[in-house]
Amino acid sequence: MSLKMRRFLSVWLRHWPTDRWRRQKPTDRPLVLTAPGNGGPRLAALDARAASLGLYTDQTLADARARVPALQAESADTAGDAAALGRLADWCRRYTPWSATDGDDGLILEITGCAHLFDGETALTADLERRLTQGDVTLRVAVADTPGAAWAWARFGDTAILANGETERKLRPLPIQALRLPSETADGLWRLGLRSIGHLLELPRGPLAKRFGPETLQRLDRTLGIESEPINPRRPAPQWRVRLSFPDGIGLRSDIDAALEQLLTTLGATLEKEALGVRQLELGFYRLDGSAQFLAVGTSQPTREVRHLRRLFAEKLDTVDPGFGIETMMLEAYVTESLVPRQTGLSTAPDVDSNRAALIDRLQNRLGAHAVYRAALQESHSPERAVTPVRAARPRPVAPVTPPRPVRLFARPERIDVQVLGGPAPDSFRWRRVEHRVTESRGPERLEPEWWRGVATDAVRDYFWLQDGEGRRFWIYRAKSAWFLHGLFA
Amino acid sequence: MSTLRARQLVVLRDRIRRLDQPRAEELPALPLGITAIDEALPWGGLPGGSLHEIVGRPGDAAATGFATWLLARLKGQVLWCRGDGSETGIPYAPALAQAGLSPERLIVVETGKPAARLWAMEEALRAGAFSAVLAEDTPADLTATRRLQLAAETGRTTALLLLSQPLLGRVSAALTRWQVTSVPAETNETARWQLALARCRNGAGDTWHVSVGHVTQDETLSLRLAATLAD
């Protein structure tokens, strides 16, 4: 064998849209889903019974009704079907991190090196079939050496496993439709009397490529494993993963907590051996009903401390819905960085800095990464641009500010009506429906727009410090002929 | 109740509190450096590891100024939990720096949800990773302030609740409540505030006018008594 042995599992969800509909609202009538089309609604998806009654895709609903009066017709939800298929692909990550949707009616999983965790390919396939059938999903599964062969074998083969090295021999008798070619190409081949993959293999490659395009040859080569075909998993594969399975399912918070503790301890031990710490972790909950939920946490500094990571997850565990039970919990580390054990030294005082870093992680995980920051000062004439948020974990040097600034600033300066008698500063102004009489003023301080920013609407601003009769102190400015209140002095 | 029994009760309560929280008493109080005010406070200053409230009024940033001044004097890292600021404006870092609270010492938590600010404050207090934690406009009831007070004691951290306006009939477990308003300043002053100690556990209230000067060598604003009230 020239290529390293790889194995792929294809799932064909033959009646996915109607299966999904039926799971939500069971019915015992033949079911079709329709979409608007030429001459009224047309059938977009059929269940097994509707298909067996001779109905077909793209048939008008009126025609289908005439043939099968008991027909139940509902509107198709293509976007919903695709989203649900994506969730199913996520759930399949319980078997392997390389899981993706394949068209609108299938999944493709690379199970190279994963099958032994489930006692081999046959047992893995049976497990997947059993779990999905329990969820009332009609499916066919096949395992083969290439994604294309697995796809073909799931739809046209007669067993689940296409043994390693058997691809070409077993695929020869299959119809050319098993190559997943564009329908025009397949029709063209069919018209030429080329009915099976074997027929195609017997033709000289040059003329075949000329007549039907290089894509046809590529499909053939990829299906047979002469050329390798990449699959695009829905998420990047993690660097480390640990898992725990519960055959009967768990749902109690105390059980979930205990499982999380064990997963973190196992992962922590592995990371310690490698002198690594983690920056991004994802905890997957795979439910008995074939759905999955994921919780992600991030840390500002690499860590493998079980207590800290457990707390980060603990705050999100309330959102986990165990449904009828969780059958697998899997912990995946996506970003790891080197973490050498720190010298503890002689001091026994608690490390306030790492304590603070841990707290910031928790605040960010709950409130969002942008909710926690340091406000760094930078050189700018524009008051709004004089502050820039920086990551909370890293302090930065500070630029100086000269004239007094208000302790509270309005992100949007508020329009005020002013009365200017002698001038340049107002003698009174109205802000938020309250009249303020100015008893003292300082200014103006002129702030020029930063021309290099090239915002034409920015005008020169003349700022004033004002104090009213009650002692309130305001920061206001005039831009062109309009006046604004921008801040409050202490 | 007779005065004697009332006094005995105070002593007993204090003793129970000491037994419950032996560490809270070890924390030194922060003197404000203004003799009249420090003498009015039973602790000789603002007690550490406890909850204090600073109440302002709409359109007046004096309360923010006083809170900033306290935080500047406390030294160490400070966590400031703020809302979206559409009503009150946002705390402006250059001005906080001018008042002695450098951005290097300040971490901001920004969330529009008061409950989230309350949670962040309690967690940060308990962690003991900051010298002080401030939360803005977080309506905390008696139970919530008790929790904050307890968290402040546990983490030995000063807790400040900054309220932009007085809430009538509010009960709180805070040790002190300050009402801070601006009063007209003289030409040579940066600002002048009226500080009213509206509530003080085991102490009596009073009102002072303080004059705010410039930043001193210890990098905080100089505060001194301006004048007595009602002369």
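The second largest pocket has a volume of about 570 Å³, where a pocket is an open set of points on a 1 Å grid over the protein atoms alone at which a 1.4 Å probe fits, with protein on both sides within 12 Å along at least five of seven lines, and the volume is the space filled by probe spheres set on the points. This is a predicted model, in which local features need pLDDT of at least 70 and side-chain atom pairs count only at pLDDT 80 or more, while totals for chains, interfaces and linings use all residues. Residues are numbered from 1 along each chain as its sequence is written, chains are lettered from A in the order in which they are written, and side-chain values use heavy atoms, without hydrogens and water.

**Interface**
- Contact, meaning heavy atoms within 4.5 Å, joins 58 residues of chain B to 51 residues of chain A.
- About 4200 Å² is buried between the two chains, with 57% from carbon and sulfur atoms; this is the accessible area (1.4 Å probe) lost on putting the parts together, summed over both.
- In chain B, the residues losing the most area to chain A are B:Tyr92, B:Gln98 and B:Trp119, together 17% of what that side buries.

**Salt bridges**
- Between chain B and chain A there are 5 salt bridges, each a side-chain nitrogen of Lys or Arg within 4 Å of a carboxyl oxygen of Asp or Glu.
- A:Arg311 and B:Glu123 form a salt bridge, with their closest N and O atoms 3.4 Å apart.

Technical notes: 1 Å grid on protein atoms, 1.4 Å probe; cavity = no way out; pocket = protein on both sides within 12 Å on 5 of 7 lines; lining within 4 Å.
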